[in-house]
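Open the model in a viewer and keep the sequence at hand. The stops below say what to select and what is there.

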Amino acid sequence: QAVDSASTPNTAYATITVTVLDVNDNPPQFLLAPYFFTLTEEQEDTVIVNQIVAIDPDQPLASSGVSYSLDPESNPDDVFTIENGTITAVKPVDREMVEIYKLK
């Protein structure tokens, strides 16, 4: 409400709408986790291992801005990369050297 300072005050009213926005208070969630993939050893070329998907409950649209990375401690020799959820082996793997990679 607004009131002027006239000797006989005039009053006006306005409707105000306040929209409460969600905050980023939920972590992303991986779909279909845990993931288990296989890879043939000693492949010379870069090989796409598979795709993982995570969603952000605070922004459920497909373009929600979820980004992916690999924990360097789980990928010490930089054998794998991840871009937009696609995991790629960029170096040959040797089963006799490392039988299982547990990426985080």
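Buried means under 20% relative accessible area, exposed means over 50%, and partly exposed lies in between, with a 1.4 Å probe and protein chains only. The model is predicted, so local features need pLDDT of at least 70 and side-chain atom pairs pLDDT 80 or more, while totals for chains, interfaces and linings use all residues. Residues are numbered from 1 along each chain as its sequence is written, and side-chain values use heavy atoms, without hydrogens and water.

Select V53, in strand β5 (residues 53–55); strands are DSSP runs of E, at least two residues, numbered from the N terminus. V53 is partly exposed at a relative accessible area of 37%.

Next, select β4, β7 and β6. They form an open sheet in the order β4-β7-β6, with antiparallel pairing; strands pair if DSSP finds at least two bridges between them. β4 (47–51) and β6 (80–83) are the edges: each has a single partner strand, so one side of each lacks a neighbour in the sheet. Between β4 and β7 (residues 86–89) there are four bridges. In this pairing, I48 is opposite T88 of β7.

Now show the aromatic rings. Three aromatic pairs are found in the whole structure; rings of Phe, Tyr and Trp (its six-membered ring) pair if their centres lie within 6.5 Å, and planes under 30 degrees apart count as stacked, over 60 as edge-to-face and the rest as tilted. F80 and Y101 make an edge-to-face pair, 5.0 Å centre to centre with 80° between the planes. F80 is in strand β6 and Y101 in the segment after β7, 21 residues apart. F80 is buried at 8% relative accessibility, whereas Y101 is partly exposed at 28%.

Finish at F30, Y35 and F37, a cluster linked by ring pairs.
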